[in-house]
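Subject: Structure handover

Hello,

Here is the structure I said I would pass on. Please look through it first, then read my notes below.

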Amino acid sequence: MKIGVLALQGAVAEHIRSIESAGAEAVAIKWPHELDDLDGLVIPGGESTTIGKLMRRYNFVEAIRQFSAQQKPIFGTCAGLIVLAQHIESNHGTEEPHLALMDIRVRRNAFGRQRESFETDLEVKGIESPVRAVFIRAPLIEAVGEHVDVICEANGEMVAARQGHLLVCSFHPELTEDSSMHHYFVQMVAQSLQLNANR
Ligand code: GLN
């Protein structure tokens with residue numbers, strides 16, 4: 001099993017380390033053709049407008065949509081969540097979506113100044129122990145479509161969700177020693193490999 005981390009901007013090395021400690025091989029992805037031999041992809045946090053621009057410039061948009069069309073798992077964290085969303089809201093109003101793959105509406109920088117960055121432990125559906133979550137200028141999920149399963153909330157707000165092969169969280173699971181979110185994703189990739197083998 002090989003999982004790629006989109007290496008246009010953001011915490012790439014940290015995601016690679018977390019995937020490896022969850023027991024899978026991880027590689028940094030700089031070019032669209034490198035998606036061909038991957039079984040799963042992580043889109044890291046950073047700044048979603050910048051990641052979106054770089055994805056367009058390096059022809060990643062169509063390539064990642066094709067990757068997704070093969071039902072290969074994708075995990076978007078923080079800005080990666082924004083990049084996957086079909087609807088994006090910010091203080092400046094509605095924004096053009098980037099990959100528009102997941103049926104969620106997100107709000108960028110949704111926490112007030114006081115709570116711009118903070119850490120907490122959260123219950124995640126499908127993970128036994130609480131997950132250590134680091135929020136940095138994080139987005140919130142404001143609405144989800146009928147095929148989206150909300151797997152984590154913080155103070156009643158939706159912060160992680162899954163839609164089939166797509167997984168998102170508004171926090172940074174790669175910035176702690178707790179690799180349980182990555183372990184969850186590695187299991188999703190293992191299941192999708194099994195499904196494809198049985199097809
Ligand atoms: N605030 C960033 C954005 O809107 C996301 C922050 C992050 O990835 N830590 O793109």
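Which residues point one way from β3, and which point the other way? Gly40 and Val42 point one way, Leu41 and Ile43 the other way, and all are buried. Buried means that 20 or more other C-beta atoms lie within 10 Å of the residue's own; exposed means 12 or fewer, and partly exposed is in between, with C-beta atoms placed from the backbone. Strands (E, at least two residues) are DSSP runs, numbered from the N terminus.

Two points on the source. This is a predicted model, in which local features need pLDDT of at least 70 and side-chain atom pairs count only at pLDDT 80 or more, while totals for chains, interfaces and linings use all residues. Residues are numbered from 1 along each chain as its sequence is written.

Strand β3 has two partners to look at. Strand β1 (residues 2-6) pairs with β3 in the parallel sense over 3 bridges, where pairing requires that DSSP finds at least two bridges between the strands. In that pair, glycine 4 is opposite leucine 41. Strand β4 (residues 74-77) also runs parallel to β3, joined by 3 bridges, and here phenylalanine 75 is opposite valine 42.

The loop between β2 (25-29) and β3 (40-43) contains aspartate 37. Aspartate 37 is exposed because 9 other C-beta atoms lie within 10 Å.

Arginine 108 lies in the loop between β7 (102-107) and β8 (117-122), and it counts as buried because it has 22 C-beta neighbours inside 10 Å. Arginine 137 is in the loop between β9 (131-136) and β10 (140-144). Why is arginine 137 partly exposed? Because 14 other C-beta atoms lie within 10 Å of arginine 137.

Regards

Notes: Helix = DSSP H or I, 4+ residues; strand = E, 2+ residues; numbered from the N terminus.
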